[in-house]
Amino acid sequence: LRANHISLRVRQVDGSWRQTVKAETRIRGGLSNPIEVEGDVDGPLPDLRAVADTKLRRRLRKIIGSNQLKRLFETDVRRTTQTVSDTQGNHVEIAFDDAAIKSATDTEEFGELELELKRGRPNGLMEIVKLISQNDIPVRPSSYSKAERGYRLVLKESNAALKPKKLKQSPLKAGQTAPKAFQALLEWTVEQVLHNWSVVLDDSDSEGPHQLRVGVRFLRTLLRAFRPVIDSEDLRVLERDLRALGRIVGELRDLDVLSLEIVGNLDRPPALAVGFNALDEDLTADTERQRAAVRDALCSPDMQTLQFRLALLPNQLGWEHVGSERSLTKKKIGPIARKALNKSWRHARALGRRIDELSIEERHDLRKKLKGLRYTLEAFSPIYDKNKCRRFIRDLKRLQDIFGYLNDATLAEQLHDRAGESQDRDFHRAI
């Protein structure tokens, strides 16, 4: 059942037994929209005859076959609920769960806040999210449903750290309309950003900040690419907030590069061992201070609100179209992709033509323009010739590697500043 993203539970409510089947239980960025079917049963054992949805019942029978269902875990929940409404007709149920999941050998306790949109639009959740984010208790979108927590507890996966996540193949399909394409690309990118956000908070893997920054840049690239047809003040504010997030994480990423990839990869003469040990300690301490600062920033009320805004973004939170709605739904993705690619190419080419005279800052800007061009192409690549895209992206990656090396050389120059007031001769020689 878990492998098919289905959960089946039986619970006691006011002395009677209620069976619930949920399909499509995956959570993306803290959001879920499962198919849920409930029915009364005679006791604590499941009864597929009580599943009123014929299609779902048939699917369950096919998955289970001749096997016997067995209970894997039990969830005890003390729930407090309240329903709030606004003048826009949005009705949201707020539920706080003080919960414990018990398997045959283990127990996991946790607190969970669930916002269920009973009626209205997704933006009806945001005002409540803003209030929640202003409290003194850090909250973040959950990656797991209660059922998934139970499965992880049974399979001893409950404490497994999240691994950094890369963006894979773009989900775009040829012939999609602008809104459908935008939504698919947002879901794809936002899921990666929120996943790596959690990695940075919970783990010290240097790949986490790198992938979070990549996802943030990719998302900003998408917002700019679709701006001619889908735009709003909310989206422009979001783009500015994402830029701020990128700067916060970027400082940590630069220290990781300096410590691990530049100094960490050097051949070290034995005569300089003492100095390099001191330099390693200095960089490690600075990196950990920056990691703590980044985590504090990611848990700030403004950043918590940004997390939830991102989670709701694919559900058209804050979108507005340019022109009539009818014209937008008729717009195909092809012309939008061409326009975005042409614009990215022009920006990179303008700097590239002056490559022999670029300052360090302009060279860094060209590197960012090339990244924007690559991300734009990777987003729209499914609608173009596969082999041509692969070759062009390969060449862009090669260019990025060259510019990345030049950027590393600039980063290495910052080591001189670390000498400061230190009188340690070995430390100075290592630098």
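# Briefing: helix packing, strand pairing and an aromatic cluster

Helix α6 (residues 233-263) packs against helix α12 (residues 386-413) at an angle of about 95°, and their axes are 10 Å apart. The model described here is predicted.

- Two packed helices are described by the angle between their axes and the distance between the axes.
- Angles of 65 to 115 degrees count as roughly perpendicular, and α6 and α12 are therefore roughly perpendicular to each other.
- On the α6 side, the contact is made by Asp254, Val257, Leu258 and Ile262.
- On the α12 side, the contact residues are Asp408, Leu411 and Ala412.
- Five residues of this contact are nonpolar, two are charged and none is polar.

**The open sheet β1-β2-β3**

- Strands of a sheet pair through backbone hydrogen bonds, either parallel or antiparallel.
- Here three strands form an open sheet in the order β1-β2-β3, and their pairing is antiparallel.
- The edges are held by β1 (6-13) and β3 (35-41).
- Each edge strand has a single partner strand, so one side of each is left without a neighbour in the sheet.
- Neighbouring strands of this sheet are turned by 20° against each other on average, direction ignored.
- Strand β1 is joined to strand β2 (residues 16-23) by eight bridges, and the two run antiparallel.
- Val10 stands opposite Gln19 of β2.
- Helix α1 (residues 54-64) lies across β1, β2 and β3.
- The direction of α1 is at about 85° to β2.

- Strand β4 (residues 74-85) pairs with strand β5 (residues 91-102) in the antiparallel sense, over twelve bridges.
- Thr80 has Phe96 of β5 opposite.
- The hairpin of β4 and β5 has five residues between the strands.
- In that hairpin, Gly89 takes a positive phi near 85°.
- Strand β5 also runs antiparallel to strand β6 (residues 107-119), and twelve bridges join them.
- Ala100 has Glu109 in β6 as its bridge partner.

**The phenylalanine cluster**

- A search of the whole structure finds six aromatic pairs.
- One of them is formed by Phe182 and Phe226, 4.8 Å centre to centre, with 40° between the planes.
- That pair is tilted.
- Phe182 lies in helix α4 (residues 178-202), while Phe226 lies in the loop between α5 (207-225) and α6.
- The pair of Phe182 and Phe226 therefore ties together parts that are 44 residues apart in sequence.
- Phe182 and Phe226 are buried.
- Phe226 also forms a tilted aromatic pair with Phe380, at 6.0 Å centre to centre and 40° between the planes.
- This pair links distant parts of the chain, with Phe226 in the loop between α5 and α6 and Phe380 in helix α11 (residues 360-380), 154 residues apart.
- Phe380 is buried, as is Phe226.
- Ring pairs link Phe182, Phe226 and Phe380 into a cluster.

Definitions and conventions: Residues numbered from 1 in each chain as written. Predicted model: local features only at pLDDT ≥ 70, side-chain atom pairs only at ≥ 80, totals over all residues. Heavy atoms only, no water. Axes fitted to C-alpha atoms, helices over the stretch in contact; angles between N-to-C directions. Helix = DSSP H or I, 4+ residues; strand = E, 2+ residues; numbered from the N terminus. Parallel < 35°, antiparallel > 145°, perpendicular 65-115°, else oblique. Contact = heavy atoms within 4.5 Å. Nonpolar A, V, L, I, M, F, W, Y, C, P; charged D, E, K, R; others polar. Pairing = 2+ DSSP bridges. Phe/Tyr/Trp six-rings, centres within 6.5 Å; stacked < 30°, edge-to-face > 60°. Buried < 20%, exposed > 50% of the residue type's maximum accessible area, 1.4 Å probe, protein only.
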